[in-house]
Amino acid sequence: MTKEEVKVLIIGSGPAGYTAAIYAARAGLKPVLYTGGQPGGQLTITTDVENYPGYPEGIMGPQMMTDFQKQAERFGTDIRYGLATSVDFSSYPHKVTVDETHEITAEAVIVSTGASAKWLNLPSEQRLNGHGVSACAVCDGFFFRGQDVAIVGAGDTAAEEASYLSKICSKVYMIVRRDEMRASVIMQQRVKNAKNIEILWNTETEEVLGDKEVNAVRVVNTQTGEKRELKVGGFFVAIGHKPNTDIFKEWLDMDENGYIKTIPGSSKTNIEGVFATGDAQDHIYRQAVTAAGSGCMGALDAERFLAEKELAVS
């Protein structure tokens, strides 16, 4: 096991991690950033990004993350490929093990590990991801304006996204696995009141159809066995997200779904010197711009924390 000491360690890339790195590096904190298992985060599996300020013509998700990385490197961030595999926050400074072989002792840790969308695990779903298949209606719904689309899910997120899509799409098929929804009563009512949302009860997705882009979805009624092809241009999966926070469960306070709890108005966690940013702690907005904003908060909170530590010592 090799060992190393750093001032600021950022775990995870994506908008939150890279923004935290930009701010920390400009503050002279010499941050070390480990990219995690998916360098660049969820945006690297996104095609056109049109809702991030500063890109008037839009930009491809992977290119956007490359730009973020270059900006972080420009100010001196040490960006490394590797995965944090365990942490020990029992004493200060904090210890983080990377790839089970390298132990880093850090004075401040910024968690930017993000969250991963849950998928149906259909081969066609993964093949057409970014080509009509999406896990974020708010992000990608615009590209299907005036078209027929389908969304799978039965919780508040699915209902909210179905309502959103109904305002910009001609028709929305809502695929619900059971004969009831898990969404709150008010969200269910909004869906049922929308004239262009058709709820398909007791229905599962069998296949997403299309060669290079989505043109239909084959569904099956679990009660009757009847199969049906829905002619749609977009297929949205809204069955939830899983925050990538498992290695912190022993140490950081989380909600029932594994999102890290932070002190309101800050990125501070229950452990002094550990800060949480981006989708690892945000289960509400989950947007690139809000993740970047929280990355800024994490770096500023870490900078202030370290300054107070140094002042106390002196």
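## The second largest pocket

Strand β14 (residues 203-209) gives the largest share of the lining of the second largest pocket, namely three residues; strands (E, at least two residues) and helices (H or I, at least four) are DSSP runs numbered from the N terminus. The structure is a predicted model, in which local features need pLDDT of at least 70 and side-chain atom pairs count only at pLDDT 80 or more, while totals for chains, interfaces and linings use all residues. Residues are numbered from 1 along each chain as its sequence is written, and side-chain values use heavy atoms, with hydrogens and water left out.

The volume of this second largest pocket is about 300 Å³. Of its 14 lining residues, those closest to the centre are V152, G153, V176, R177 and I239. A pocket here is an open set of points on a 1 Å grid over the protein atoms alone, where a 1.4 Å probe fits and protein lies on both sides within 12 Å along at least five of seven lines, and lining residues have an atom within 4 Å of a point. Grid points are joined across faces, edges and corners, and the volume is the space filled by probe spheres set on the points. By residue class, the lining divides into six nonpolar, three polar and five charged residues, where Ala, Val, Leu, Ile, Met, Phe, Trp, Tyr, Cys and Pro count as nonpolar, Asp, Glu, Lys and Arg as charged, and the others, Gly among them, as polar.

## The sheet that contains β14

Strand β14 also belongs to an open sheet of three strands, with the order β14-β15-β16 and antiparallel pairing. Because β14 and β16 (227-230) each have a single partner strand, they stand at the edges of the sheet, and one side of each is left without a neighbour in it. Neighbouring strands of this sheet are turned by 25° against each other on average, direction ignored; the axes are lines fitted to C-alpha atoms, for helices over the stretch in contact, and angles run from 0 to 180 degrees between N-to-C directions.

The antiparallel pairing of β14 with strand β15 (residues 216-221) extends over six bridges, two strands being counted as paired if DSSP finds at least two bridges between them. Within this pairing, E204 has V220 of β15 as its bridge partner, and E207 stands opposite R218 in β15. The hairpin of β14 and β15 has six residues between the strands, and in this hairpin G210 takes a positive phi near 145°.

Strand β6 (residues 84-88) and β7 pair in the antiparallel sense over four bridges, with V96 in β7 as the bridge partner of V87. A hairpin of five residues joins β6 to β7. The loop between these two strands holds P93, and the peptide bond from Y92 to P93 is cis, with omega near -5°.

Most residues other than glycine have a negative phi, and most peptide bonds are trans. D99, in the loop between β7 (94-98) and β8 (102-111), has a positive phi near 50° and is partly exposed at 38% relative accessible area, where buried means under 20%, exposed over 50% and partly exposed in between (1.4 Å probe, protein chains only). D99 is 109 residues from V208 in sequence, and their C-alpha atoms are 36 Å apart in space. R286 likewise has a positive phi, near 55°; R286 lies in the loop between β19 (274-276) and α7 (288-313) and is buried, with a relative accessible area of 17%.

## Salt bridges

Side chains of opposite charge can pair when their charged atoms come close. The whole structure has 14 salt bridges, a salt bridge being a side-chain nitrogen of Lys or Arg within 4 Å of a carboxyl oxygen of Asp or Glu. One of them joins the side chains of D78 and R80 at 2.9 Å, N to O, and both residues are part of a network of salt bridges that links E4, D78 and R80. D78 is partly exposed at 33% relative accessibility, whereas R80 is buried at 19%.

The side chains of K171 and E198 meet in a salt bridge at 2.8 Å, N to O. Since K171 lies in strand β12 (residues 171-175) and E198 in strand β13 (residues 197-200), this pair ties together parts that are 27 residues apart in sequence. K171 is partly exposed at 23% relative accessibility, and E198 is partly exposed at 24%. In the salt bridge of E229 with K231, the closest N and O atoms are 3.6 Å apart; here E229 is partly exposed at 41%, while K231 counts as exposed at 55%.
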